[in-house]
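In this notebook I record what I looked up in one structure.

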Amino acid sequence: MSEIFSRTSPATGAALSDVEATPLDGIEAIVAKAREAQASWAALEVSKRVKAIMSVKRRILAKAEAIAKTVHDETGKPEVEALLGEVLASADVVGYWADTIADELEPFEAEIDALSYPKKSGLIHRDPRGTIAVIMPWNFPFALPLRTMIPALMAGNAIVFKPSEVTPRTGKVVAELFDGLVPAGLVGVVQGGGDAGARLCGAEVDLVVFTGSPASGRKVAHACADRLVPCTLELGGKDAAIVLADADLDRAANGIVWGAMMNAGQNCGAVERVYAEKSIAKALTDKVVAATRALRTTDDVGPLTTSAQRDTVVRHVEAARTAGAVVHVGGEPIDDEKSKLGYRPTVLTIDADENPVIADETFGPVLPITSVADADEAVRRANASRYGLTASVWTKDLRNGEALAKKLRAGVITINNHSFTGALPSAPWGGVGETGWGITGSPLALDHLTRPRFVCVDRNRASREMWWYPYTDTLKQIALAFARLRGGASLGGRIGALFTLIGLLPKRMGELKAASKGAAAKTSSK
Ligand code: NAD
């Protein structure tokens, strides 16, 4: 077993099975095999590809609990959470794309002005990118890769998938879902760490779909820039929840605690900051603290997945304490016999946006609450982050909630809930700023996973188009008149343009005829 892979479960401390790292020198061959398989896969009708991949859903449901157990063993997250948030959500992803992708890939007609461009029509097709590298993190090791792999494969692409070195066993389970359903080599797997990911980005892939930290995302973007291939980046988050004075405080407290502590806070869309209006800040904090105290270690909140992650949590909470934060509950590691990676779910109050616990991604079970004067201050402080993945507004006034949603700098905004839409295959997931520019979920994901191919057919039999040679003043006047007719002029201007065309079109026809005659004469005199 390679040194880079974790050997023991953060959940139980038990030894994990051996995993073989892919030799770095073997990565190009895996990509080449995927490329080879892709051509015939893309040539299949989409219905055939969908039928093949649809069986993945049956496989997921048949092995749902075993898959959840593998995810639990590798990450430490509760099995129920793995089942709901990763396994069953992925079955929904397969179903969604099976139902919708054929329509989404249907060619559609481009609008072409028949007056200016007579007898022409054009269809926009969506072609697969080719071979896509899918490089993934460890926090949702089953759901995240499938969110991209399912639509990418149905759209006719090949995949080379590199799971995180922290969750290689779940990665293997993901890849095995496709065994025997798709041509050999179409879904390749690279097991390894950052060096393997870097090598994959440098191989002959046509797109890199990357989810992970901003630091690695930057390296991926540089590597793709060097090869002039596109990449999509889904990076970190520092989600804010804004609680207004009129919110249902019980719902807000319970929802925010779930949003913050789910997956022990190791969620790019976790609530990592709360801005609460002053009049309810204390009442909200009391409810949040009570709901946090009620959480059961292991059953509700597992350990951190890696020791590096727990070190970050310890560092952020200590920085908050130093800045005068009040820790209401938690604030210390759990050192039990088995794993040594637990951290008590923590709620603190703080007013220091430059502090690491507010400014940087904590990725742990830590919920800082800040009291603000009003919604405007809450929005201003929420938007001051360099991240912008999701945000939530808690209020009974839905119209006001939607108005605030317009002002928030984030890719996903939920009103009276938080970040659960990551499980909805029909909803786009992505962000702004250092969160990157990737989009998974919804038909918009296909804008990355496919490229447009425009085919224009011309049924015009004339020997010359109006705008071909010779260039003359008549052509110039006609072009200006057409532009005005297409909407760039007042009613009077358009009527004038019509008269210009009536007057000049016969003249232009004559010019074109004469030019064709002249050319023909030159041809025959040769
Ligand atoms: P990471 O960046 O350390 O690793 C992610 C993946 O990139 C791993 O497979 C790793 O081996 C690989 N990698 C590392 N260096 C690379 C390089 N130079 N070239 C190519 N690949 C390389 O991230 P992580 O610790 O696994 O994941 C946690 C991060 O992921 C957090 O910041 C979290 O917010 C983010 N995340 C974002 C989303 C989202 O949708 N925006 C979802 C989940 C996680």
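**Entry 1: a term I need.** Before comparing helices I noted that an axis is a line fitted to C-alpha atoms, for a helix over the stretch in contact, and that the angle between two N-to-C directions runs from 0 to 180 degrees. Two packed helices are described by the angle between their axes and the distance between the axes. I also noted that the model is predicted.

**Entry 2: H9 and H10.** I looked up helix H9 (residues 249-261) and helix H10 (residues 278-293), whose axes come within 9 Å and cross at roughly 55 degrees. Angles of 65 to 115 degrees count as roughly perpendicular and those under 35 as roughly parallel, and H9 and H10 are therefore oblique to each other. The crossing of H9 with H10 is right-handed. On the H9 side I listed Leu249, Asp250, Ala252, Ala253, Asn254, Val257 and Met261; they meet Ile280, Ala283, Leu284, Lys287, Val288, Ala291 and Thr292 in H10. Sorted by class, this contact has 10 nonpolar, two polar and two charged residues.

**Entry 3: H3 and H4.** I then turned to helix H3 (residues 64-75), which packs against H4 at an angle of about 115 degrees, the axes being 8 Å apart. H3 and H4 are therefore roughly perpendicular to each other. Their crossing is right-handed. H3 contributes Ala64, Glu65, Ile67, Ala68, Lys69, Val71 and His72 to the contact, and H4 contributes Glu79, Ala82, Leu83, Glu86, Val87 and Leu88. I sorted these residues into eight nonpolar, one polar and four charged.

**Entry 4: the nonpolar core.** Which residues touch the most other members of the largest nonpolar core? I found Ile53, Ile60, Phe142, Ile150, Met154, Phe178 and Val208, in a core of 68 residues. Helix H4 (residues 79-105) gives the most to this core, with 10 residues. In soluble globular proteins, nonpolar side chains tend to be buried together. For Val208 I listed the contacts beyond four places in sequence: Ala133, Ile135, Cys201, Val220, Cys224, Pro230, Cys231 and Thr232.

Entry 5: Is Ile242 buried or exposed? Its relative accessibility is 1%, so Ile242 counts as buried. Ile242 is placed in strand E8 (residues 239-243). Its C-alpha atom is separated by 5.9 Å from that of Ala276, 34 residues away along the chain. Beyond four places in sequence, Ile242 touches Tyr275, Ala378, Val379, Ala382, Ser392, Val393, Trp394 and Leu408.

Ala143 lies in helix H5 (residues 143-154). At 12% relative accessibility, Ala143 also counts as buried.

**Entry 6: backbone exceptions.** Most residues other than glycine have a negative phi, and most peptide bonds are trans. Against this I recorded a cis peptide bond between Tyr469 and Pro470, with omega about 5 degrees. Pro470 lies in the loop between strand E19 (450-458) and helix H16 (473-488).

Lys119, which is not a glycine, has a positive phi of about 60 degrees. I placed Lys119 in the loop between strand E1 (108-109) and strand E2 (120-128). With a relative accessible area of 57%, Lys119 is exposed. Asn416 has a positive phi near 65 degrees. Asn416 is found in the loop between strand E17 (412-415) and strand E18 (432-433), and at 18% relative accessibility Asn416 counts as buried.

Terms used: Residues are numbered from 1 along each chain as its sequence is written. This is a predicted model: local features need pLDDT of at least 70, side-chain atom pairs count only at pLDDT 80 or more; totals for chains, interfaces and linings use all residues. Side-chain values use heavy atoms; hydrogens and water are left out. A nonpolar core is a set of buried Ala, Val, Leu, Ile, Met, Phe, Trp, Tyr and Cys residues joined through side-chain atoms within 4.5 Å. Buried means under 20% relative accessible area, exposed over 50%, partly exposed in between (1.4 Å probe, protein chains only). Helices (H or I, at least four residues) and strands (E, at least two) are DSSP runs, numbered from the N terminus. Contact means heavy atoms within 4.5 Å. Angles under 35 degrees count as roughly parallel, over 145 as roughly antiparallel, 65 to 115 as roughly perpendicular and the rest as oblique. A crossing is left-handed if the near helix is turned anticlockwise from the far one by less than a right angle, and right-handed if clockwise. Ala, Val, Leu, Ile, Met, Phe, Trp, Tyr, Cys and Pro count as nonpolar, Asp, Glu, Lys and Arg as charged, and the others, Gly among them, as polar.
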